[in-house]
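Student: I would like to learn how to read the features of a model like this one. Please take them one at a time.

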Amino acid sequence: DALPILPRAVLHSFFLSSSLLEASSEPVKMVVPSELEQAMQTIMLTFHRYSGDKGYLNRDEFKNFMEKEYSEFLTNQKDPQAADKIMKDLDHCRDGKVVFHSFFSLIAGLTIACNDYYVAQMKHKGKR
């Protein structure tokens with residue numbers, strides 16, 4: 001499944017007030033999104049690919065997401081209940097749903113852990 005490219009104007013509209021957008025009669029020039037904008041888009045569209053139109057992931061959808069997108073991470077946990085435990089932590093309302101904010105906190109937390117590991121490895125390399 002290829003993810004559609006959101007025009008930079010769509011991404012920028014998240015950051016600009018509607019009055020600024022309406023005030024301009026100039027057509028919006030389409031440009032290639034930056035790498036960071038593409039990463040944001042990938043995160044958003046990945047969530048919606050697994051959640052569908054509901055706006056949340058149920059238990060099965062979350063497990064499917066974890067097994068497909070983070071299979072190596074789950075394997076390294078050596079706990080067959082890892083995805084269920086993570087979902088329980090992310091399901092703040094205890095309604096069996098993981099909403100985008102919680103989904104993103106998982107992505108952010110894993111990214112922070114990867115960065116910490118990367119920094120530690122770079123420091124270790126520097127001591128050789």
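Student: Which residues does Ser 102 touch, not counting residues up to four places away in sequence?

Tutor: Contact means heavy atoms within 4.5 Å. By that rule Ser 102 touches Leu 90 and His 92, with residues up to four places away in sequence not counted. This is a predicted model, in which local features need pLDDT of at least 70 and side-chain atom pairs count only at pLDDT 80 or more, while totals for chains, interfaces and linings use all residues. Residues are numbered from 1 along each chain as its sequence is written, and side-chain values use heavy atoms, with hydrogens and water left out.

Student: Where is Ser 102 found, and is Ser 102 buried or exposed?

Tutor: Buried means under 20% relative accessible area, exposed over 50%, and partly exposed in between (1.4 Å probe, protein chains only). Ser 102 is found in helix α7 and counts as buried at 5% relative accessibility. Helices (H or I, at least four residues) and strands (E, at least two) are DSSP runs numbered from the N terminus. The chain has seven helices and two strands, in the order α-α-α-β-α-α-α-β-α from the N terminus on.

Student: Which residues of α6 are buried, and what covers them?

Tutor: In α6 (residues 82–90) the buried residues are Ala 82, Ala 83, Asp 84, Ile 86, Met 87 and Leu 90. Their cover includes β1 (56–57), α4 (59–69), α5 (71–77), β2 (98–99) and α7 (100–126).

Student: Which residues touch the most other members of the largest nonpolar core?

Tutor: In soluble globular proteins, nonpolar side chains tend to be buried together. A nonpolar core is a set of buried Ala, Val, Leu, Ile, Met, Phe, Trp, Tyr and Cys residues joined through side-chain atoms within 4.5 Å. The largest one here has 17 residues, of which Leu 57, Phe 62, Phe 65, Met 66, Val 98, Phe 103 and Leu 106 touch the most other members. Two or more residues come from each of α3 (35–51), α4, α6 and α7, and α6 gives the most, with five. Leaving aside neighbours within four places in sequence, Phe 65 is in contact with Thr 46, Tyr 50, Tyr 70, Phe 103, Leu 106 and Ile 107.

Student: Where is Lys 97 found, and which residues does Lys 97 touch?

Tutor: Lys 97 is found in the loop between α6 and β2 and counts as partly exposed at 31% relative accessibility. Not counting residues up to four places away in sequence, Lys 97 touches Tyr 56, Leu 57, Met 87 and Asp 91. Lys 97 and Asn 58 are 39 residues apart in sequence but 4.9 Å apart in space, C-alpha to C-alpha.

Student: How many salt bridges does the count come to?

Tutor: Side chains of opposite charge can pair when their charged atoms come close. A salt bridge is a side-chain nitrogen of Lys or Arg within 4 Å of a carboxyl oxygen of Asp or Glu, and by this rule the count comes to six. One of them joins Glu 69 and Arg 49 (3.3 Å, N to O). Glu 69 lies in helix α4 and Arg 49 in helix α3, so this pair ties together parts that are 20 residues apart in sequence. Glu 61 forms a salt bridge with Lys 54, with the closest N and O atoms 2.7 Å apart. Glu 61 is buried at a relative accessible area of 19%, whereas Lys 54 is partly exposed at 37%. Arg 59, Asp 60, Lys 63 and Asp 84 are linked in a network of salt bridges.
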